[in-house]
Amino acid sequence: MDIRELSEYQLYKLKSIDPNLSPDWRDVIQQILPNLNQGSQNSVRKNILEPRGIYFDVNEKLTYKHPLTLKLTLNNIQTDNKDLVPIVSAMLKIINSRCEYYDAMELADEIEAIFGYLDNLNLHNLLQEQKNRKKIRIAFLYDLAKWIDTVTLHINPGIRKLDSHMVKSYLKEVFIKQKIQGQDFRKWASSDLNFQDFTYLPPFIKSEGENRNFIIVEGCEHWFLIGSAQQSNKNPYSFRRFLHEDSSGINTKQYIYLTHVVIKKNNMHNSQYLSRVSYIMSRFYTLDRGISDTPLSFICEIQSLHNKYLKPLLKKRLEQDDGSTETIIEKRMTTYEKQVSVLILQKLPRIVQTTLRNKEDQDYLFYHLDQLIKQMIENVQDFKLQPLVMYSTSSEIMLIKLFAIRRLLAKSRNILYSSDKSLKERSEIMGIPLFTVKEKLTETENLLEELKDILDSVNKYYQIKAEGSFWQNIKLGRMPNLTLEKIAEKELAAKEALFVYIVRLAKNKNEGMVYVEFECDEMINKNYRHYALADGELGISRLPRILRLPENKTGFNIESVREVVNQNVFESYQMWTHNRKI
């Protein structure tokens, strides 16, 4: 079996495993891996198992590498960020405590406070500091997962009748796993009925999913149903949010609102239990209540278009023709980008204008846009699991474009909804980085053209000097002011100046540009850094253009910048295949 033939649920199960958090990880692998062909098995090992520390020993038995503890991690990193000290102290205070009991809500408050400070830490735009923060976060989370098994939690059961085991399961299988896996964390939308065919959810929950949207995460012993957060930048998987039961009214007229529901898998056939869960679902709050028809129908439309056209395009077999493998993949990615633009992105400026005056509609729109783009990222990541695609540059760039548009929508929301500015003015603000890069590129190219003319004159001078006649030497005149070495130095300086200009622009321009590795916290290719430039109306009606700068500056060439700023995906397939240098 080829990896592209795996069902979404099988990929969901594979990508959800973590040997430190998922007791059934071996079973999942052994149920799927042997059925794949050798190339697909190699891809799963390299892209899914190895990043999770899973490997086969000399006897071909599954084993895994235990993560570093927080203490060891701190010994291995170098940092001058003094603000880290109190955060790490708070982490160590929890995992080093040897108490028998711990209040669950108090623990939630402490954990959420730690991550609030950690996520907002001033990293001074240093990528290494961001890597340090990520290492510290992951080490603490794994230590926390081990520590939680050593204490008994004091729980307020509430109407859901929560117990310590339920709460610990959520903490490890949802909250901790989501923070560790980030983009790789797998869940699915309740409205995705095709996906639900592979699960064992009771019919009444499927019915609820037809009328409103919530998130479903599968644990080893529980289904976790999670209401969407009110804003796209809020974490719906918050541990504190899970524990909290909101209430209104007094005494017998009190009404409870829930953002999370927990269902025990082994009680799926217990009618009395399901009746109780049905009652709890009536208290389940989701974001789509009270939203206007226009954003509701728009989200429904683009989700349908995504499922009907975009997902199948990535599942479709790559047909061989006379071109290279990369050319075939590039054409598929270009077709995919065109469809993303036409089916979804080109409609965004209009829906933004429609929701300009309604904060609840804006929250709903941006939350579900964010979730849809996250799903598109997952689809491209799954596409890249194919052995033929694994090392493709064009599929890598597509992944980066999706990361970037997701970040652009989140960071530029205030500009997009600036009611005191016209649509044209907002589009111009978002387009400033692309415009200024074009200007700087033209300036650099003009300088290089001047240097080329001077170089031609110098070469001609030395040629006549060496080979010319007596009268040609008489007419030759004075020796040029610039030597060949000086011209080469000036050419190199011009190229370096453009490189540095792009890097600094990303630091100075908050709107319309994304430094992907830093702002998205994703390391796609360690040999390059990627800068995304907003494109189209409002900077969001097309996928952004990606400047791919080598970490080794000697590999930088202006041709790659020119191709990006002059690129039109609707006119040409040629995007990432040139390696010419100027």
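Author: What covers the buried residues of H14 includes helix H13 (293-315), helix H16 (359-383) and helix H17 (393-411). This is a predicted model, in which local features need pLDDT of at least 70, side-chain atom pairs count only at pLDDT 80 or more, and totals for chains, interfaces and linings use all residues. Residues are numbered from 1 along each chain as its sequence is written, and side-chain values use heavy atoms, without hydrogens and water.

Reader: What makes a run a helix or a strand?

Author: Both are DSSP runs numbered from the N terminus: helices (H or I) have at least four residues and strands (E) at least two.

Reader: Which residues of H14 are called buried?

Author: Buried means under 20% relative accessible area, against over 50% for exposed and partly exposed in between (1.4 Å probe, protein chains only). Among those in H14 that qualify are Ile328, Ile329, Met333 and Tyr336.

Reader: Why are H7 and H8 called roughly antiparallel?

Author: The axes of helix H7 (residues 127-147) and helix H8 (residues 164-181) cross at roughly 165° and come within 9 Å. Angles over 145 degrees count as roughly antiparallel, so H7 and H8 are given that label.

Definitions and conventions
Contact means heavy atoms within 4.5 Å. Axes are lines fitted to C-alpha atoms, for helices over the stretch in contact, and angles run from 0 to 180 degrees between N-to-C directions. Angles under 35 degrees count as roughly parallel, over 145 as roughly antiparallel, 65 to 115 as roughly perpendicular and the rest as oblique.
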